[in-house]
Amino acid sequence: MRGRSNPVYCAIDTIDLPLAARLIRSVAGGAVPAVGGVKLGLEFFLAHGAPGVRYAFPAPVRATGIGFFLDLKLHDIPNTVAGGIRAVVELEPTFITIHTAGGAAMMNIAAETAASEAKRLGVARPRLLGVTVLTSLDRSDLEATGVTVDPGQQVLRLAALARRSGLDGVICSPLEIAALRRECGKDFVLMVPGIRPPGAASADQKRVMTPQEAMALGANHLVIGRPITEAADPALAAEVLARDLGAL
Ligand code: C5P
């Protein structure tokens with residue numbers, strides 16, 4: 001497996017700006033980054049916005065070619081989501097998330113806007129990933145919202161709708177990888193959180209898989225947070241993961 005690109009996106013889940021900058025520098029700032037990308041999400045972006053991204057993830061770190069996953073989980077009327085996408089393309093995210101439950105028109109215009117704005121700015125087109133059924137929702141939570149189909153079926157349905165609506169892939173739990181790969185084909189991006197190295201604490205993640213298991217099932221990218229960020233030496237933890245995956 002040696003030599004394949006590093007699938008690990010490190011989740012930087014904090015509103016502590018200096019800490020985020022330090023973590024990103026340590027896992028992504030070396031000549032050979034220990035991760036394939038970093039993920040900044042809602043809490044960081046709401047606290048610090050675009051200037052915070054530029055500070056924590058500055059050009060010299062970006063220059064290593066590292067990926068940037070901006071996990072905003074947008075969900076609104078099509079025009080507003082398009083405006084949100086337009087506002088962040090200049091940050092050159094590799095991936096942006098939107099909720100598939102926003103519907104086909106919302107996803108279509110988000111995809112079109114990502115492409116047209118990237119072209120206008122002369123930057124790479126951000127890939128759009130859909131959030132299907134949140135893993136925090138079970139069957140009875142879904143029923144309470146009027147969704148009475150099996151949660152697994154709903155995930156497949158929303159992923160298929162996302163694909164038809166111009167999205168590049170979805171976020172999915174390890175347990176959904178195999179069915180989504182079958183349903184959506186080999187080119188659909190599957191970005192997978194809920195990953196724990198063998199022996200690591202699962203914390204609040206209930207259904208975890210190892211990086212190797214998830215990749216073998218067909219994941220493209222793995223989102224891994226605390227096993228890296230809470231390690232005594234985050235860069236070393238990320239390096240060990242990468243080596244085990246044959247990516248360093
Ligand atoms: O620390 P940990 O590895 O559990 O972090 C996983 C990351 O993936 C967090 O940023 C979390 O918000 C995100 N995520 C998740 N489960 C989902 C969707 C996203 O853990 N179903």
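1. Which residue has a side-chain N or O atom 2.7 Å from an oxygen atom of the ligand? That residue is Arg-196, and the pair falls under the definition of a polar contact (N or O atoms within 3.5 Å; within protein, one must be able to donate a hydrogen and the other to accept it, and residues adjacent in sequence count only if both atoms are side-chain atoms).

2. This is a predicted model, in which local features need pLDDT of at least 70 and side-chain atom pairs count only at pLDDT 80 or more, while totals for chains, interfaces and linings use all residues. Residues are numbered from 1 along each chain as its sequence is written, and side-chain values use heavy atoms, with hydrogens and water left out.

3. Ligand oxygen atoms also lie 2.7 Å from a polar side-chain atom of Arg-226 and 2.8 Å from a backbone N or O atom of Gly-225. Taken alone the ligand exposes 460 Å², of which the protein buries 80% (Shrake-Rupley method, 1.4 Å probe).

4. The residues around the ligand (those with a heavy atom within 4 Å of it) include Asp-13, Lys-39, Thr-135 and Gln-205, and the shell divides into five nonpolar, three polar and four charged residues. Strand 8 (221-224) and helix 10 (226-229) each give two or more residues to this shell (DSSP runs of at least two residues for strands and at least four for helices).

5. Thr-100 is placed in the loop between strand 4 (95-99) and helix 5 (104-121). Thr-100 counts as buried because its relative accessibility is 1%, buried being under 20% relative accessible area with a 1.4 Å probe and protein chains only. A polar side-chain atom of Thr-100 lies 2.7 Å from the backbone oxygen of Val-131.

Technical notes. Nonpolar A, V, L, I, M, F, W, Y, C, P; charged D, E, K, R; others polar. Buried < 20%, exposed > 50% of the residue type's maximum accessible area, 1.4 Å probe, protein only.
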